[in-house]
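Thanks for letting me take a few minutes today.

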Amino acid sequence: DVYKRQTHDITAIRNAGLLGYIQPCHHAADEGYVGLGCNTPFKRRTGKPLLEWQKTFNKRINQIWYVIKRSIDHMKA
């Protein structure tokens, strides 16, 4: 069953050959996509707080991801 197999999204995208067809800079993504050019949340570095605009950016990305994750969970259930 396809839902029982645990494959990270980016691995599935790479294996399907989709990276050549999508423009990552137009996609919001979680921390698993850092380095691919997607819009990902900023990580706080040790001893350095996030700037206010970075906090606002993270909040907006997380608001988008909340809806996406809930939708995916609903489809799987």
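Predicted model: local features only at pLDDT ≥ 70, side-chain atom pairs only at ≥ 80, totals over all residues.

**A walk through the model**

Let me start with Trp53, which is exposed because its relative accessible area is 51%, where exposed means over 50%, buried means under 20% and partly exposed lies in between, with a 1.4 Å probe and protein chains only. Residues are numbered from 1 along each chain as its sequence is written, and side-chain values use heavy atoms, with hydrogens and water left out.

Now the overall picture. The protein chain has 2 helices and 0 strands, and these are DSSP runs numbered from the N terminus, with H or I for helices of at least four residues and E for strands of at least two. Of its 77 residues, 16% count as buried. The accessible surface of the chain, by the Shrake-Rupley method with a 1.4 Å probe and, for residues, only the protein chains shown counted as cover, comes to about 6,600 Å², and 55% of that belongs to carbon and sulfur atoms. If we take contacts, meaning heavy atoms within 4.5 Å, between residues at least 6 apart in sequence, then 24% of them join residues at least 24 apart.

Which aromatic rings pair up in this structure? A search of the whole structure finds 2 aromatic pairs, and here rings of Phe, Tyr and Trp (its six-membered ring) pair if their centres lie within 6.5 Å, with planes under 30 degrees apart called stacked, over 60 edge-to-face and the rest tilted. The rings of Phe42 and Trp53 have centres 5.2 Å apart and planes at 80 degrees, so this pair is edge-to-face. That pair links distant parts of the chain, since Phe42 sits in the loop between α1 and α2 and Trp53 in helix α2, 11 residues apart. Phe42 itself, at 31% relative accessibility, counts as partly exposed. The rings of Phe42 and Phe57 have centres 5.4 Å apart and planes at 65 degrees, so they too are edge-to-face. Phe57 lies in helix α2, 15 residues from Phe42, and it counts as partly exposed at 26% relative accessibility. Taken together, ring pairs link Phe42, Trp53 and Phe57 into a cluster.

Let me turn to charge. Side chains of opposite charge can pair when their charged atoms come close. The search finds 1 salt bridge, a term for a side-chain nitrogen of Lys or Arg within 4 Å of a carboxyl oxygen of Asp or Glu. The partners are Glu52 and Lys55, at 3.4 Å from N to O, and both lie in helix α2, 3 residues apart, which is about one turn of the helix. Glu52 is exposed, with a relative accessible area of 56%, whereas Lys55 is partly exposed at 41%.

Finally, the loop and the surface. Leu18, Leu19, Tyr21 and Ile22 form a nonpolar surface patch with about 400 Å² of accessible area together; patches take residues with over 30% relative accessible area and no salt bridge, joining like charges within 9 Å and nonpolar side chains (Val, Leu, Ile, Met, Phe, Trp, Tyr) within 5 Å. Ile22 is in the loop between α1 (9-16) and α2 (52-76), and it is partly exposed at 32% relative accessibility. Leu36 is in the loop between α1 and α2 as well, and at 24% it counts as partly exposed.
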